[in-house]
Amino acid sequence: MTNIADKIIVALDVATKRQALSLVEQLRDQVSFFKVGLQLYTAEGPEIVRAVLSTSAKVWLDLKLYDIPNTVARAVESASNLGVQMLTIHLSGGSEMIRAATAARPNKMLLLGVTVLTSATEQTLREIGIADKVDDQVVRLAKLGVEADIDGIVASAHEIKMLRTEFGDKIKIAVQGIRPTWADPGDQKRFMAPRQAVEAGADYIGIGRPITAHRNPREAVAKVLDELHT
Ligand code: C5P
């Protein structure tokens with residue numbers, strides 16, 4: 001990847017197609033990758049994905065699929081027919097589900113696996129019967145994904161080093177929970193600045209509210225790019 005701006009993915013975490021396309025229109029000459037997640041997709045469906053793709057931007061469809069292997073495989077096919085560049089599944093669905101997904105994925109689409117949600121704590125793992133530490137569960141699920149041919153992992157920025165040590169450059173790493181040095185952390189507790197995340201080895205950094213809730217989203221992106229370049 002030559003251009004550092006290509007690492008930035010703006011999360012379109014808004015309620016309507018109108019708001020999403022307004023952001024895309026404002027930012028399209030600064031960034032080329034946008035994330036459509038559950039909120040927007042549930043409200044606007046595949047139409048919003050087609051609309052963002054029609055600007056020649058790339059789309060990360062963050063649906064975090066988790067279902068029986070056949071259903072996940074068919075949903076992967078549907079996403080690839082839409083033409084998205086990146087899609088997420090939950091690795092806790094197990095190796096059979098992951099293999100069904102990777103087998104259904106065309107070469108040009110990156111399939112990323114979610115290990116443990118960054119909102120989860122050890123207490124959350126206990127509730128669902130997992131006695132391990134969060135980091136151990138992250139590595140266990142990432143291994144399951146890599147063995148089943150996943151292209152990359154969605155991780156907290158604090159997990160990058162651990163994942164690079166374990167898997168080297170075999171996988172792409174996309175991180176979220178990113179807060180530029182000037183931004184309000186909001187509800188984020190374990191955040192990291194964009195530059196630190198890139199230096200730690202992130203391939204993609206997903207940023208939402210620091211850009212989308214900024215009074216001037218273009219200025220916010222410009223400041224993030226400045227931070228990355230200095
Ligand atoms: O917090 P922010 O608005 O930057 O979040 C952008 C995206 O990253 C959201 O879509 C959210 O689901 C995801 N996220 C995450 N883990 C975090 C924080 C945010 O996956 N710790």
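Figure 1. S156 belongs to strand 6 (residues 152-156), strands being DSSP runs of E with at least two residues and helices runs of H or I with at least four, both numbered from the N terminus. The model is predicted, so local features need pLDDT of at least 70 and side-chain atom pairs pLDDT 80 or more, while totals for chains, interfaces and linings use all residues. Residues are numbered from 1 along each chain as its sequence is written, and side-chain values use heavy atoms, without hydrogens and water. With a relative accessible area of 4%, S156 is buried (under 20% relative accessible area; exposed is over 50% and partly exposed in between, with a 1.4 Å probe and protein chains only). Not counting residues up to four places away in sequence, S156 touches T118, V175 and R190; contact means heavy atoms within 4.5 Å.

**Figure 2. V175 and the nonpolar cores.** The largest nonpolar core has 72 residues, and I89, V175 and I205 have the most contacts inside it. Such a core is a set of buried Ala, Val, Leu, Ile, Met, Phe, Trp, Tyr and Cys residues joined through side-chain atoms within 4.5 Å.

**Figure 3. Helix 3 and its cover.** Within helix 3 (residues 46-53), the residues I48, V49, A51, V52 and L53 are buried. The cover over the buried residues of helix 3 includes helix 1 (17-27), helix 2 (38-44) and helix 4 (69-82). Strand 2 (33-37) and strand 3 (58-65) are also part of this cover.

**Figure 4. The second largest pocket.** The volume of the second largest pocket is about 210 Å³, a volume being the space filled by probe spheres set on grid points joined across faces, edges and corners. On a 1 Å grid over the protein atoms alone, a pocket is an open set of points where a 1.4 Å probe fits, with protein on both sides within 12 Å along at least five of seven lines; lining residues have an atom within 4 Å of a point. Of the 13 lining residues, S92, T115, V116, L125 and I128 lie nearest the centre of the second largest pocket. Helix 6 (122-127) and helix 7 (134-147) are the elements that give two or more residues to this lining.
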